[in-house]
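Subject: The structure, and some notes on it

Hello,

Here is the structure I promised to pass on to you. Please open it next to this email, and then read on for what turned up.

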Amino acid sequence: MPLPRRTLLTALAGSAGVSAVACGARGVGTGDAGAPAKGAPRGAAAAVRRLLPRHSDQVALRSLPRAAGGADVFQVSGEAGRVTVAGTTPAVQLAGLRWYLKQVAHANITWAGEQLNLPAELPAPPRSTLTRRANVPHRFALNDTSDAYTGPYRDWSYWERELDVLALHGYNEVLVYAGADALYHRVFQEFGLGDEELRRWIPGPAHQPWWLLQNLAGFPYPVSRHLLDARAALGRRIAGRVRELGMVPVLPGWSGMVPPGFAGRNPGARTIPQGDWYGFRRPDWLDPRTEVFARVAAAYYRIQDEMFGASTLYKADLLHEGGRPGDVPVGEAARRVGDALWKAHPDAVWVLLGWRANPPKEIVEAVDKKRLLVVDGLSDRSPQATDRESDWGGTPYAYGSIWNFGGHTALGANTAEWARSYEAWRTRPGSALRGIALLPEAADNNPAAFELFSELAWTEGGLDLPAWFGQWARARYGGADPHATAAWDRLRRTVYGTERADGWSEGADCLFGARPSLTAARAASWSPKETRYDPADFAPALGELLAVRAALRTSSAYRRDLLDVARQALADRGRVLLPRIRAAYEAGDAGAFGRLADEWLALMDLLERLLATDSGQLLGRWVAEARAWGADAAERDRLAYDALSLVTLWGTRAGADAGLRDYANREWAGLVGGLYRLRWATYFAELRTVLKSGKKPQAIDWYALEDRWIRNPGRLANRPSGSTYRIAVQVRDRLARG
């Protein structure tokens, strides 16, 4: 006779290698390291409570040994109301839980919406145990730029959820940059630099990734001790939770970046100026051949261990994006950088980004390749990337995708390319492919792409994309629906049906976010100039989603998808409308120009109302998060400027003029109805005057206008308002009028 559920779980909790989620008090501690309160569940058990609070007592977790060859594996078994998930680590157990939720319970948890309309009793797994084995050891998550473009001022509540979701999707290596500013601040005080000058050198959190990449420093304002201490505490907590979930924190390594004045205070130091990067002076680079380099590296890794604990993965890119070696041989520099890392951490793996010409052969040929891992950002983007084994001499690498640049809100990813090349590259003779690398520059977008890419590492054989998207639609909304299936089949064929033949991995951004021009083809300087799919084939997806039956429209997953599709439909219409506005202007037809310009602004207003319905699409929340880290009013204003400048001007006037402006454009409420509308209304007003007077248009100082706006954007809502569904209906009806 089966034991009652509570008795069963209590018994399992007392068994070797098994934890029952039902056991122990709920919640986590509030200590600096994020440790659970005494007696509380830890690891996967605590995560299940956070993710499934109403059903966690029906899930038991069990440890498994690794499969042959050391591969991670999970198994799901049990009966109705008694689901057992076994896995090799806590994160792998959570990956098993997600497969159960998707395949059996038809539920969905992603980083952009969830659907958990579960019955009171969890459904029984299949009679035969559901088993999956990872086909690669490395499942790497997050881009160097993720902290900035996703949310440089996100707090622990965000990170706790994000780490749970990454573990749920099978990742086992997570890049952790929070707190690196405090680390550098401590290290260089040991080498004669003072507190204030170091805080002037360290940029604000929104721009710190490019400081760690040795591209810039000291922008836009000095950081405070208060901020450094708070970010160090957050970094410790993130790294601690990553370990608790059985994943590895990938910490920033050190390759020689030093502050101004370093050489003058450290005899024997030799620094190489690095020139400029898009209007910023790059930090100096310390010659790795010097004895001083070895001493700084030793201090760096010692203090990093004290602050965040040791790891086995360290990310560092030597001479990133145009760095200058001077007269230092790159291979010799790489050897010294690697030696310093491995002296501190003999078992560590040095992680490098595969991007443009990085890493050059001089680096990979200078060190032991077995101690390297390249996370390739060009796997699904560059048509020339066909033989990474030859490019990097057999260096282990992870197949990566950067489907999002700058946090753009466009839908799209090269899923057809993933289906075509991932398995082929992994299984070909002599393959050095050892992982996947989730590398969008901003997280929390394109949830279908996120889930599909994550599953590459757990899928044997080729991908059947029509079948996959059909399963996705059912789990995403909680049941089968012909309209949901039809909508996602259109999305599969259009925004998610692209390949790398055109040299892109992301979708075209929205022209509403471009600096105004009648010939605008993109908002960011390095985005596609045209849509990479047929907008006419995409357009009916909105109507199909609106027709999904009411019972399946209650989740945040449905609302997010509906908003994304409606937003994309409006962006597509903008690309049709702008050439018509241009034609009217060039024909001198003031009446037609005025009507079309008003239509453009009306579409922007409609988009603003749509975006305002979702808390994740609010510029006001972005600013409020930044201000919350300030110790006083002056610091709150500085941090708000840091956050706002990133998604608008990006940096200095010189940098904006060089192409950085609007690199991080996004359709968010407050931006669309604020800065973007102000720019286009100002531009159209000038052109109306030209048509009326016959005079030449006056030049507009866009940088000055933008800088004024971000210093005083007015009231920005940080709470959602309105109904996504009702406004999406308005979008459909408005676009149907032509």
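In which sense do strand 19 and strand 20 pair, and over how many bridges? The pairing is parallel and runs over 5 bridges. Please keep in mind throughout that this is a predicted model.

Let me stay with strand 20 for a moment. Strand 19 covers residues 397-401, and A398 has G435 of strand 20 as its bridge partner. Between these two strands comes helix 15 (residues 415-427), and together strand 19, helix 15 and strand 20 form a right-handed β-α-β unit. Strand 20 also pairs with strand 8 (residues 138-141), again in the parallel sense, over 4 bridges. Strand 20 itself spans residues 433-438, and because 5 of its 6 residues are buried, it is largely enclosed by the rest of the structure.

The loop that links strand 8 to helix 4 (146-150) holds L142. This residue has a positive phi, near 95°, although it is not a glycine. L142 is buried, with a relative accessible area of 5%. E321 has a positive phi too, near 45°, and is likewise a residue other than glycine. You will find E321 in the loop between strand 16 (313-315) and helix 12 (330-344). At 25% relative accessibility, E321 is partly exposed, since buried would need a value under 20%.

Now to the aromatic rings. The count of aromatic pairs is 52. One of them joins F74 and W99: the ring centres are 6.4 Å apart and the planes stand at 40°, so this pair is tilted. F74 belongs to strand 3 (residues 73-79) and W99 to helix 3 (residues 90-103), so the pair ties together parts that are 25 residues apart in sequence. F74 is buried, at 0% relative accessible area, and W99 is buried as well, at 3%.

F469 and Y496 make another pair, with centres 6.1 Å apart and planes at 25°, so they count as stacked. Here F469 sits in helix 17 (residues 465-477) and Y496 in the loop between helix 18 (482-493) and helix 19 (535-538), so parts 27 residues apart in sequence are tied together. Both F469 and Y496 are buried. There is also a cluster linked by ring pairs, whose members include Y184, W201, W254 and Y314.

Two arginines are placed over rings. The charged end of R154 sits over the ring of Y158, 4.8 Å from the ring centre. R666 lies over the face of W668, at 4.7 Å from the centre of that ring.

Next, a serine to look at: S555, in the loop between helix 20 (540-546) and helix 21 (556-586). S555 is buried, with a relative accessible area of 6%. A polar atom of its side chain lies 3.1 Å from the backbone nitrogen of Y558. Setting aside neighbours within four places in sequence, S555 is in contact with E114, Q115 and R476.

Last, the cis peptide bonds. One runs from F219 to P220, with omega near -5°, and P220 is in the loop between helix 8 (208-212) and helix 9 (225-244). Another joins N358 and P359, with omega about -10°; P359 is in the loop between strand 17 (349-354) and helix 13 (361-364).

Note on methods:
Residues numbered from 1 in each chain as written. Predicted model: local features only at pLDDT ≥ 70, side-chain atom pairs only at ≥ 80, totals over all residues. Heavy atoms only, no water. Phe/Tyr/Trp six-rings, centres within 6.5 Å; stacked < 30°, edge-to-face > 60°. Buried < 20%, exposed > 50% of the residue type's maximum accessible area, 1.4 Å probe, protein only. Lys NZ or Arg CZ within 6 Å of the ring centre and 35° of its normal. Pairing = 2+ DSSP bridges. Right-handed = clockwise from strand over helix to strand, strands pointing away. Polar contact = N/O pair within 3.5 Å; in protein donor to acceptor, adjacent residues only side chain to side chain. Contact = heavy atoms within 4.5 Å.
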